[in-house]
Amino acid sequence: MIAWSMVRSGRLQPSDWHDSNRYDAKMAADSRETLLVGLAHPDDEVGVAGTILAQRARGDRVVIVWLTRGEMTEAFGPLPTEEVARRRMEQGRQAGEILGVETRFMNFPDTALVADRATAVEVARLICEIKPTGLITWGDGWVRGVRHPDHQACSKIFRDAVNLARIAKVVAPAAPHRHDLPIFTLRDVHSHLPIAAVDVTPHRQTIGDLADFYMHGVGFGDPAWMEHRLSEAGRRWGCRYAEELDAWETVGDRLYPALLPAPVGAQTFHPGRRR
Ligand SMILES: [Zn+2]
């Protein structure tokens, strides 16, 4: 049984989410979640590293899928594109080791991601294989870097894929994946969506390890920027360090010890198809 069905049925009150001990005890016995983190390039996951680690600390499965191999970077100097791709895939593998998660690369072209149906169907088939119970992907972006065209395309690809994965005739011969699958997106400065904040204080050291790894590898993950970003979010939520995501269809404007299981918001519950 998934935990937010307990919320709906009244066995677990939404107020329980404020108390991490009660949350842990009730949730851990009931569910093992699978958080899919669908991103465009290796190193995109730096912005949600604490949320990933919080989910892992709960004993759940986390799978990072990068749609591209990030082969267009110039961080390694003048190397053949395939050699850059090889190095970046190795970086992704090592990042997965730091975070303790599964990692997958798809083979779509860096800087040329297109949110078309064929791409979304391919990702939908992967969703049917992974069977996630929650998704983090890119959201709308306004700031340079965040609004990279691949990030914007990636967001639509994964959001479309969640729907397509439910449709048997689309994903055949794979079995459709119809589990509730709440979506969270990386939050940029002008977002007006509700916030799902995660207390990442216990994971600050490992977040820093990942940022250092990419700082040395591709020059992204400035320590001062990381400290400012995490501590400012923490200040807003009354903890030392936090990460904030857009909550698309869950109870937002809350601080959670881990993102999943996420209670579905009253206005966003969709009854779905009974058969
Ligand atoms: Zn990126």
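The model is predicted. The chain holds nine helices and eight strands. Of its 275 residues, 44% are buried. Among contacts with a separation of 6 or more, 76% join residues 24 or more positions apart.

**Helix α9**
- Helix α9 spans residues 223–237, 15 residues in total.
- From first C-alpha to last, α9 reaches 21 Å, close to the 21 Å expected at 1.5 Å a residue.
- Met226, Leu230, Ala233 and Gly234 are the buried residues of α9. They lie on the same side of α9 because they cover an arc of only 105 degrees around the axis.
- An α-helix has 3.6 residues a turn, so residues three or four places apart point the same way.
- The other side of α9 carries the exposed residues Ala224, Trp225, His228, Glu232 and Arg235.
- The cover over the buried residues of α9 includes β6 (195–199), α8 (204–218) and β7 (242–247).

**The sheet**
- Eight strands make an open sheet with mixed pairing, in the order β3-β2-β1-β4-β5-β7-β6-β8.
- β3 (102–108) and β8 (254–256) are at the edges; each has a single partner strand, so one side of each lacks a neighbour in the sheet.
- From one strand to the next, the twist averages 30 degrees.
- β2 (residues 61–68) pairs with β3 in the parallel sense over five bridges. Thr68 is opposite Phe108 in β3.

**Helices on the sheet**
- Helix α4 (residues 81–99) packs on the sheet and touches β2 and β3. Its direction makes about 155 degrees with that of β3.
- Helix α5 (residues 117–130) lies across β1 (34–39), β2 and β3. α5 runs at about 155 degrees to β1.

Note on methods. Residues numbered from 1 in each chain as written. Predicted model: local features only at pLDDT ≥ 70, side-chain atom pairs only at ≥ 80, totals over all residues. Helix = DSSP H or I, 4+ residues; strand = E, 2+ residues; numbered from the N terminus. Buried ≥ 20, exposed ≤ 12 C-beta atoms within 10 Å, placed from the backbone. Contact = placed C-beta atoms within 7 Å. Expected span 1.5 Å × (residues − 1). Arc of directions from axis to C-beta. Pairing = 2+ DSSP bridges. Axes fitted to C-alpha atoms, helices over the stretch in contact; angles between N-to-C directions.
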